[in-house]
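My notes follow in the order I checked things.

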Amino acid sequence: MEKIKILTVTDLHQNEDLYESLAKAVKEHQPDVLAFVGDFLDAGGGKKSFSIDDVIRAIGQMKVKKVIFIRGNHEDENWWYFFHVWTPLFGAPIALHAEGYKTDPGVLIGFPCLMGDEEAFRGDREMVMADTETWLPSVFQQFGKSARSLWLMHEPSTGTSLSTPNSVVQGNVEWREAIEKYQPWLVIFGHDHRTPKKNQWHDTIGETLCVNVGQYTPKKVHYTLVEMTFSENQPLPEKMKVAVFPQKKSLERELGNGIWKTSKN
Ligand SMILES: [Fe+2]
């Protein structure tokens, strides 16, 4: 059996308290992968804002093997500066744009963000359409069934209790269509900060569990810890567990059974 632990976080917006709270979470859980699911840059203008250099220093000090970035609507031309400071220190960042990444074990898929200016983040890569049928099938061709385990996207899917309807954070109908068609095990997004305040952190679309970890408390970072166990050469996990903090609630699912159950620990 091989195991992997992935910590995902969204919407930090260069907030000093949230980055410091994240550093504590990384120290506590020691994940193999730390994934920023959009809006980690672009300060909200508050007093407790980090500069981009501070953000890079803070992430660089977190002891984690791999750091992955997914674009949110607040990553625009600020990504140029981030990229050019980050690269000489840590190598080119793993910045997913409508593509998969082997976390080994396992694969995760990083969705694009339809809002905002993606040019800097996309770099030399081709533009993709909102219609996921124009790019997602090639991801499945490359990674096979493994591409069904974990999808990370900044903007929510529409039509769940995890995003505010008829608002700028309602999410994308195209994401929902893709989830309905491919039924990934777990989809994690953020962007909507309102629904987490109602203590609503998960919902389902068919057998897919959707989780929103948009920030809702000013000091304690809201994040998930995804733990997966794989049998040798199996594309999908034997077991997947997702825990959400600071609520300390968790759900788990096993291979061959599409039902998510409350975890005992
Ligand atoms: Fe956002």
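I started with burial: 43% of the 265 residues of the protein chain count as buried. The model is predicted, so I keep in mind that these totals use all residues, whereas local features need pLDDT of at least 70.

Next I checked the overall dimensions. The C-alpha trace of the protein chain spans about 50 × 40 × 40 Å along its principal axes. I compared the radius of gyration with the globule rule: a compact globule of 265 residues would have one near 18 Å, and the protein chain has 17 Å, so the two agree.

I then looked at contacts between residues at least 6 apart in sequence. In the protein chain, 70% of these join residues at least 24 apart.

For secondary structure, I found six helices and 14 strands in the protein chain.

Is strand 12 buried or exposed? I found that five of its seven residues, in the run 239–245, are buried, so strand 12 is largely enclosed by the rest of the structure.

I went through its partners in turn. Strand 11, residues 223–230, pairs with strand 12 in the antiparallel sense over seven bridges. Within that pairing I noted Met228, whose bridge partner in strand 12 is Met240.

Strand 13, residues 249–254, also pairs with strand 12 in the antiparallel sense, over six bridges. Here I found Val242 opposite Leu251 of strand 13.

Last, I checked the connection. Strand 12 and strand 13 form a hairpin, with three residues between them. In the turn, Lys248 has a positive phi of about 55°.

Definitions and conventions: Residues numbered from 1 in each chain as written. Predicted model: local features only at pLDDT ≥ 70, side-chain atom pairs only at ≥ 80, totals over all residues. Buried ≥ 20, exposed ≤ 12 C-beta atoms within 10 Å, placed from the backbone. Helix = DSSP H or I, 4+ residues; strand = E, 2+ residues; numbered from the N terminus. Pairing = 2+ DSSP bridges. Rg over C-alpha atoms; globule rule 2.2 N^0.38 Å. Contact = placed C-beta atoms within 7 Å.
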